[in-house]
Amino acid sequence: MDSPPPAATAADILVITAHPQMEHSRVNRRLMHSAARVTGIGANHTVLVRDLYALYPDYLIDVAEEQALLASARLVVWQHPIHWYSMPPLMKLWVDEVLAFGWAYGPGGDALRGKDLWLVATTGGPEESYRPDSYNRYFFDAFLPPYEQTAALCGMRFLPPLLLHGAHKVDEAEVAAHETVFAQRIASYPDWPELEHLSDCIACEVPDDARPAEAPEDAPPATARRSETEAA
Amino acid sequence: MEHTSWLTGSLVYLAAAVLAVPLAKFLRLGSIIGYLAAGILIGPSGLKFVTDPKDMLHFAEFGVVLMLFLVGLELEPRRLWSLRKPIFGWGSVQLFGSAALMFGVGVACGVDWRLSLVGALGLAMSSTAIGLGVLAERNLMATTSGQSVLSVALLQDVAAIPILALLPLLAIAGAASHGDGGGWLGAAKAIGVILAIVLGGRLLLRPALRWIAGSQTPEIFTAASLLLVVATAALMQAVGLSMALGAFLAGVLLAESEYRRELETDLEPFKGLLLGLFFIAVGMSIDFAVVLAQPVIVAAIVVGFLLLKAAVLWGMSRAMEIPQVERPVFIILLAQGGEFGFVVFQTAAGAGVIDAPTSSLLVAAVAISMLLTPLLLVGADKWWIPALAGQSKRKIAEISEPQAEPVIIAGFGRYGQIVGRMLYANGIQPTVLDVSADQIETMRRFGWRVFYGDATRLDLMRTAGADKARVIVLAIDDVEKSVEAATMIRENFPNATIVARARNVQHLYELHELGVRLIERETLDAALMSARSVLEELGWERHQARNLALRFRRHNVAQVTKMAPHRNDEAKLVAAAKQGRQQLEEQFAQEREEALKRQARAGWGHDGRAAPTVGEAAAE
């Protein structure tokens, strides 16, 4: 590990993949690979896949590089299995550190404003389990608000998620079909039929009172400055 | 030396030492050669700054006394007891074996038997000062050969007493010996003094030292340390025993005391300087006039006695099972003549057993052998030991059956073992190679499958399966070998990924230049873990300490990698290192400041949420 990997080049579509046990993955690994292939087939935009657990096995996220890649992307894809009704821990750490105050939200934090966020997730439990009368007790939608609100606070448009339930059990045909849909969406972005009906930005307008009461005394946002120096 | 010239004398000695020793070190000859050369330079045969080296030799002998005291300090009575067999057994074999052999050759060559006997006994001695000095300089004291040299040197110290007592008897060898009564009295006195030292050391010294240390005056403790050694030496000399032996005894008795370290640090500088002085005096006492008058005879004596002693020592080293690579040092250190030889010849000349010219001839031979010893060691380092190292390893059969494991570990020392154990724990059976026969035997006893194999050799690596291996771990601790192996592997087995251990940054750069990318500096991560512990002890949160250490690591690794192309440009490296350090310091300082500000700042929403730590908890 004494030689850091070369810096990635920015792309229009940034796929953030997080799977703590990629070696056991049935679906997410295939999705990740097919997203990476889209770049190669001459789509009109570039795709960059960031496999977080491979990039940061020691959980030491390069915030500056992640922010630089985010800044130049139009669509950000979060692709991961649902663990305990939420995202895997490294993905959460990525959110905590990369979507920093004064950069992604808060005063001067408009680096992500106007971009799209697309959640592509798998669950172990079948769809029927996400019902009030089953063991997961809620419809899956009930677990989405933290995602939606994260996007909203950053001024991002939260696209309709692409979900695959029962990822351990579904048959090969279904996985393949899912993969095809995913790859097509990546390739055809932003010309998706469902986006026509989507309001421009559901919750883009974060009310003023959700912003800090007062701007911090000194101007440049803390994290952004840190990022610049950290690159060395 | 005259009193008036004390200042001039110091000036000459110190200046000669200060000039010659660093120069010798720079030429990789070791400090002892430097001292000897300085002595020759200022002595009667050189620039004649000093004309009578004898006094200085006597004075400087105290350096040898101090050295043996310090050696004794390192040797607890228990360990000394366990050395009794090598001391009395092997020590006697060396001394009397060599002496007998030389005596025989001397008589066979038609030399008078008394002269032969004196010469044999005097030349059988070895220089404790050079011997132990070299062992300390090379950190060999704890090795088998180091302990053996010490054992033999101790026996020689003991044996010097009866030998010196015997010399006057030789002068009147024709007549019956008469000195018996005095001898018995002398022996009784000697035993009495030794008993006094042992009992005094056991019962009185520690309370006395405690009392002195209680006075809280450091220089008085130093004075007491010196007094202790001087007093022991004086006591021993008074009854005709070896001063050095007495000091050694006192040292052993204090080896278990709580003042051991303090005594060591107090006496170390005196020892060093006086020993230096001693070597200078030896250099001065080489009478080149004698040597030049009879160069052939001197050379014959030197070569002859060195070879005869070496032959005995070689046999001993085999019988004692000293590891092959340590044998050259053992043989060379004990083959040389020693300072006791000077004393023997002087006493013999004084007693009229041999005449003065013969005495100075023998003294010159001993001094020359002492001068040659460091040079011989340099030569042995260059040619003899490497050759032996190659030979001894072949005792263990080289890897011969072709292997085909996916991983090869070259070097199974402290580093390679950890790598190997982690792999074994995960069901991977690496092919393990090492070049140290000892290491291989030890590891095999622990049940590891370890082959003898030099990773720099193409044929062995091919047998080890390097052409099929996916990963080759270079865990060799020898930097040159490691680079050599990396070069060979990159050339011949390009499909194998090299995972390398780097001893230091320069080593890392060399490997990097060869295209190796997975290199770990062996101390980096352990040191960072320690740094984390320090931060934690100082009150940092454990997780924060972890984050700071990991970020420091990333910064450091990036910095080192960035500088790889400039690895030969020292100025640039230094500048970049400084800049990098400053950058990181500034960055961390800035973050600390911001963290403080954030704590001081009020919450940021009307709904009274807490400070905006959402994205920053982990970063700080």
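Tutor: A residue is buried if 20 or more other C-beta atoms, placed from the backbone, lie within 10 Å of its own; it is exposed at 12 or fewer and partly exposed in between. By that count, buried residues make up 40% of the 620 residues in chain B and 36% of the 232 residues in chain A. This is a predicted model, in which local features need pLDDT of at least 70 and side-chain atom pairs count only at 80 or more, while totals for chains, interfaces and linings use all residues. Residues are numbered from 1 along each chain as its sequence is written, and chains are lettered from A and ligands numbered from 1 in the order in which they are written.

Student: How do you know how far to trust chain B, and what is its mean pLDDT?

Tutor: pLDDT is the predictor's confidence in each residue, from 0 to 100. Chain B has a mean of 81, with 91% of its residues at 70 or more. Residues 174-181 of chain B fall below 50, and this stretch has two contacts beyond near neighbours in sequence. Residues 602-620 of chain B also stay under 50, with 39 contacts beyond four places in sequence. Where pLDDT is low, the predicted coordinates should not be read in detail. For the model, the scores are ipTM 0.72 and pTM 0.52.

Student: What makes a group of residues a nonpolar core?

Tutor: The members must be buried Ala, Val, Leu, Ile, Met, Phe, Trp, Tyr or Cys, joined through C-beta atoms within 7 Å. The largest core here has 127 residues, and Val65(B), Leu66(B), Phe69(B), Ala247(B), Phe248(B), Phe278(B) and Ile280(B) have the most contacts inside it. Apart from it lies another core of 51 residues, including Leu69(A), Val98(A), Phe101(A) and Met156(A).

Student: Which residues does Ile280(B) touch, and what counts as touching?

Tutor: Two residues are in contact if their C-beta atoms, placed from the backbone, lie within 7 Å. Leaving out residues up to four places away in sequence, Ile280(B) touches Tyr13(B), Ala16(B), Ala17(B), Tyr35(B), Ala38(B) and Gly39(B). Contacts also show how far apart in sequence the partners are.

Student: How many helices and strands does chain A have?

Tutor: Helices (H or I, at least four residues) and strands (E, at least two) are DSSP runs, numbered from the N terminus. Chain A has eight helices and five strands, and its pattern along the sequence is β-α-β-α-α-β-α-β-α-β-α-α-α. Chain B has 25 helices and six strands.

Student: What makes β4(A) and β5(A) a pair?

Tutor: Two strands pair if DSSP finds at least two bridges between them. β4 (residues 116-122) of chain A and β5(A) have six bridges, in the parallel sense, so by the definition they pair.

Student: Which strands of the chain A sheet stand at the edges?

Tutor: The open sheet has the order β2-β1-β3-β4-β5 (chain A), with parallel pairing. β2 (47-51) and β5 (157-164) of chain A each have a single partner strand, so one side of each lacks a neighbour in the sheet.

Student: What is the strand order of the sheet in chain B?

Tutor: The order is β3-β2-β1-β4-β5-β6 (chain B), an open, parallel sheet of six strands. Its edge strands, β3 (450-452) and β6 (518-521) of chain B, pair on one side only. Three bridges join β1 (residues 407-410) of chain B to β2(B), and Ile408(B) stands opposite Thr431(B). β2(B) is covered on both faces: Thr431(B) and Leu433(B) on one side, and Val432(B) and Asp434(B) on the other, are all buried.

Student: Why are α10(B) and α12(B) called roughly perpendicular?

Tutor: Axes are lines fitted to C-alpha atoms, for helices over the stretch in contact, and angles run from 0 to 180 degrees between N-to-C directions. Angles under 35 degrees count as roughly parallel, over 145 as roughly antiparallel, 65 to 115 as roughly perpendicular and the rest as oblique. α10 (residues 218-238) and α12 (residues 260-285) of chain B pack at about 75°, with axes 9 Å apart, and are therefore roughly perpendicular.

Student: At what angle do α3(A) and α4(A) cross?

Tutor: The axes of α3 (residues 63-72) and α4 (residues 89-98) of chain A cross at roughly 85° and come within 10 Å. That makes α3(A) roughly perpendicular to α4(A) as well. Among the residues making the contact are Leu70(A) of α3(A) and Trp94(A) of α4(A).
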